[in-house]
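Please keep the structure in view while working through the numbered points.

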Amino acid sequence: MSRPSWLWGAEMGANEHGVCIGNEAVWTKEPVGEEEALLGMDLLRLALERSSSSKEALRVITDLLERYGQGGSCQEDPAPFCYHNTFLLADRTEAWVLETAGRLWAAQRIEKGVRNISNQLSIGTDISAEHPELRSHAQAEGWWHGQGAFDFAQVFSLTRQPVRMEAAKARFQAGRELLQQQSAGGITAEVMMGILRDKESGICMDSGGFRTTASMVSILPQDPTQPCVHFLTATPDPSRSVFKPFIFGVGVAQAPQVLSPTFGAQDPVRTLPRFQTEVDRRHTLYCRHQVALGLMETDQERGQQLRQKQQDLEQEGLEAVQGLLVGKPASALQELGCLFQTFVERESQVYA
């Protein structure tokens with residue numbers, strides 16, 4: 001999983017059953033609470049811990065949401081930054097979009113085609129499951145007249161998005177168009193990596209106070225004898241990062257080079273005073289990657305050499321995974337637990 005180092009939850013991740021989840025911030029007509037509750041990132045991590053399918057993950061999140069609610073600041077800064085959440089959930093055979101407004105929620109099962117989310121409600125009338133009080137609450141608030149089709153996004157969306165999220169609509173539309181353009185030829189891991197690297201659309205972000213801090217692409221074969229493969233950058237700005245393959249196999253362990261420093265043996269999150277932001281939480285690969293980015297910007301020749309090495313390493317990972325997905329025996333999985341660690345070490349050497 002990929003998580004901000006100051007908190008317990010995660011922005012995105014996968015588990016050994018092939019369940020993958022990612023989340024996005026969203027604001028709705030329901031008020032956002034600053035009081036401590038479950039963050040969307042907490043819900044995501046708990047769902048990965050407790051589910052063996054995307055549908056089960058959906059139930060885990062909605063049950064916890066209805067019982068405990070969501071709230072609290074989603075940044076370490078003293079100034080609160082609070083929001084509700086939307087989620088993409090997928091496994092080998094099924095995919096869902098889950099969107100929330102306080103304790104209320106609506107979910108859409110994705111039957112075919114492509115789907116994306118981006119800081120706005122996107123489920124309209126095609127609702128596959130919902131909170132039992134969703135419509136009655138909207139009617140009681142005067143947001144819906146109670147007749148005809150119920151459009152969740154239309155009913156619950158704010159008339160005006162927060163200033164920091166004004167580009168969400170354009171980004172969502174651009175992401176959908178990029179996916180649709182590529183879907184005719186087939187969505188491959190390389191295609192997804194290219195979309196995540198698209199700066200013009202704002203999907204790959206490095207300005208306006210936000211930066212894409214990590215990226216992930218998963219291959220989920222429908223054949224259960226084939227392994228799920230998850231490519232992760234573990235570094236910011238995917239346009240200048242390496243997607244490295246991870247597979248749940250024997251001997252899988254945390255790669256220390258991409259583990260942020262801890263400050264206390266018992267609980268690295270809670271042993272520091274709240275909002276102590278001057279602590280350097282960057283992990284080893286992050287630090288080396290930042291130095292490399294600096295070289296790319298100041299030394300054109302050295303920068304081109306570094307970028308070529310990054311591309312070669314990524315291509316090697318893609319080719320290695322392709323070999324795994326064309327019928328190698330299950331016994332080949334015995335040594336795959338250290339695959340990600342191997343590529344992290346090799347990328348670190350590129351920056352040495």
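This is a predicted model: local features need pLDDT of at least 70, side-chain atom pairs count only at pLDDT 80 or more; totals for chains, interfaces and linings use all residues.

1. The side chain of Glu94 meets that of Arg109 in a salt bridge, 3.0 Å from N to O; the term denotes a side-chain nitrogen of Lys or Arg within 4 Å of a carboxyl oxygen of Asp or Glu. Arg109 is partly exposed, with a relative accessible area of 31%.

2. Residues are numbered from 1 along each chain as its sequence is written, and side-chain values use heavy atoms, with hydrogens and water left out.

3. The structure holds eleven salt bridges. Side chains of opposite charge can pair when their charged atoms come close. One of these bridges joins Arg135 and Glu130 at 2.9 Å, N to O. Arg135 is partly exposed at a relative accessible area of 31%, and Glu130 is partly exposed at 25%.

4. Lys244 and Glu347 form another salt bridge, their closest N and O atoms being 2.7 Å apart. Because Lys244 lies in strand S9 and Glu347 in helix H9, the pair ties together parts that are 103 residues apart in sequence. Helices (H or I, at least four residues) and strands (E, at least two) are DSSP runs, numbered from the N terminus. Both Lys244 and Glu347 are buried. Salt bridges with shared partners also join Lys199, Asp206, Asp237, Arg240 and Glu297 into one network.

5. Where does Arg240 lie? Its place is the loop between strand S8 (229-232) and strand S9 (244-246). Arg240 is buried, with a relative accessible area of 19%. Its side chain makes a polar contact with the side chain of Glu297 at 3.2 Å. A polar contact is a pair of N or O atoms within 3.5 Å; within protein, one must be able to donate a hydrogen and the other to accept it, and residues adjacent in sequence count only if both atoms are side-chain atoms. Not counting residues up to four places away in sequence, Arg240 touches residues including His289, Leu293 and Arg307; contact means heavy atoms within 4.5 Å.

6. An open sheet of three strands has the order S7-S8-S9, with antiparallel pairing. Its edge strands, S7 and S9, each pair on one side only. Two strands pair if DSSP finds at least two bridges between them; S8 and S9 pair over three bridges. Leu232 stands opposite Lys244 in S9.

7. Which residues of H6 are buried? They include Ala189, Val191, Met193 and Ile195. The buried residues of H6 pack against helix H5 (168-183), S7, S8 and H8. H6 lies across S7 and S8, running at about 165° to S7; axes are lines fitted to C-alpha atoms, for helices over the stretch in contact, and angles run from 0 to 180 degrees between N-to-C directions.

8. The largest nonpolar core has 35 residues, and those with the most contacts inside it are Met193, Phe231, Val258, Phe340 and Tyr351. Such a core is a set of buried Ala, Val, Leu, Ile, Met, Phe, Trp, Tyr and Cys residues joined through side-chain atoms within 4.5 Å. The largest share of this core, six residues, comes from H9. Apart from it lies another core, of 21 residues, among them Leu44, Leu46, Ala47 and Val60.

9. Ile123 is placed in the loop between S5 and strand S6 (129-130). At 0% relative accessibility, Ile123 counts as buried. Its C-alpha atom is separated by 7.5 Å from that of Ala106, 17 residues apart along the chain. Leaving aside neighbours within four places in sequence, the contacts of Ile123 include Val97, Ala106, Arg115 and Phe152.

10. Gln75 is found in the loop between helix H2 (54-68) and S3. With a relative accessible area of 19%, Gln75 is buried. Its side chain reaches the backbone oxygen of Ala79 at 2.7 Å.

Note on methods. Buried means under 20% relative accessible area, exposed over 50%, partly exposed in between (1.4 Å probe, protein chains only).
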